[in-house]
Amino acid sequence: MTEIELKRKMKGLWVDTFHDSEDYVNLIFDTYFNPELVEYDEQGGEVVSALVGVPYEFGNSNCKVKALYLCGLATNPRYRSRGIMTRLLARINAKAREAGYAFTFLMPADSGLRLYYRDRGYVNAFYRVIDNYTSIHDFNLEYESLLMEQKEKVAELKRRLYESLRGGRLEALTSDEERNAVENGIVDLISEMESGQRDLRIIHSEQDLRTAIAENRIDKCGEIFYVVNPSGKVTAAAFTVRKDKNSPVEVRRTYASDTGSKFKLFQEVKRAYTDSSMQVYLSAVDMDRKALWYRTYGSVMPESSQTGNVSVTERVYSLRAHTKVYGMVKILSLYEILKFMAETSRDLKYSILVREQGATEVMKYVVRNGKISTHTLQEDEIGEHAATDIMSVRDVAEIIFRRQDGDSIITEAFGIPSINASISLMLD
């Protein structure tokens, strides 16, 4: 089968399975299709099962690991329950391991699919929460409530800066020159923020970001909002979706260089959808970094006698109660993952024993002072350890990719914190 024919048949299977628009599927395949990073099963001249691998990097400009995102996993209904996709997953993971990818990851659409992938070696790894705002919420007043906690001079300086910010919708710009300038500013903002991020967060290439922006143009439900400062620099951007007029506005991803720009951005979204409630998606990593007790503006009904006053309430967050699983991971190179953790958290000190699936030898991983060393245990050395001391790669993955509020006894027992993994702006 020629590459062109394979591409055409895989696109057809994708459309038949997920019912995405032709423009959307063309965007994905024109941007990311690489015959070296796909797997498929052909029967009777037709592609009956397939998946697409998209390469990404995680980390920051100084410390990175390679990962492969698996998407478009589809099997013709007439060929399901035959183990075809299981074989495709095994082949793409073997191929990715050989190519130096530290892990593969995917985003199951529901709990049933999460169970399916769990049975094939994947573990929960990416988590998010959703902040809900009513249709009468005023983000200007919420920001003002935050300024009340600042010293007077600082608050006044931030207030003037906030008032100087201007925002809008990328889709509403009619001038190509202005639109290109804002689009370039959004790309620069995200790239700058990701270059200095910590933890195992996804890094987007310029191509990835341009594709995400193009995807919003294709998706009739998607819009991109932005904020610029007086010098014209983009300081915030939000990728939003509203499925229909009765649905809330979903702010799927937010980038902001400062708090004022973030609230101005949310107010711009609110101004565009005055009658709609809002759902703001946050990675659990971002949620974990603000206090569980977070002071925020409490909206009041327009007819209330308190209208116009700033009312401050306290909202309690709980990762355990509100976090939802967003994606799953299968580790292919434990060494690369542990090396990344050691280099980004140089105070880590631990040693663990791991036996890879199907292997007879046991590897000892030792992390000290930002470095990692390994040692293969001999038979007599293995005998010195209880069976419970030896973990599988999956066991370690469960520990590393656990939720940030996971049982503290894990950290105390192994000395391994959560890796704080995060993904965003994926083609989901």
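## Spaces inside the protein

About 60 Å³ of space lies in the largest cavity, a cavity being a set of points on a 1 Å grid over the protein atoms alone where a 1.4 Å probe fits but cannot get out. Volume here is the space filled by probe spheres set on the points, with grid points joined across faces, edges and corners. This is a predicted model, where local features need pLDDT of at least 70, side-chain atom pairs count only at pLDDT 80 or more, and totals for chains, interfaces and linings use all residues. Residues are numbered from 1 along each chain as its sequence is written, and side-chain values use heavy atoms, leaving out hydrogens and water.

So what surrounds that largest cavity? Its lining (residues with an atom within 4 Å of a point) includes Ala125, Tyr127, Ala284, Phe401 and Arg402. At least two lining residues each come from β5 (123–133) and α10 (284–288); helices (H or I, at least four residues) and strands (E, at least two) are DSSP runs, numbered from the N terminus. By class, the lining has eight nonpolar residues, three polar and one charged. Ala, Val, Leu, Ile, Met, Phe, Trp, Tyr, Cys and Pro count as nonpolar, Asp, Glu, Lys and Arg as charged, and the others, Gly among them, as polar.

Next comes the second largest cavity, at about 50 Å³. Glu194, Arg201, Arg253 and Tyr255 are among the residues lining it, and β7 (200–203) and β10 (249–256) are the elements giving two or more residues. This lining splits into two nonpolar, three polar and three charged residues.

Stepping back, the protein has 15 helices and 19 strands.

Conventions: 1 Å grid on protein atoms, 1.4 Å probe; cavity = no way out; pocket = protein on both sides within 12 Å on 5 of 7 lines; lining within 4 Å.
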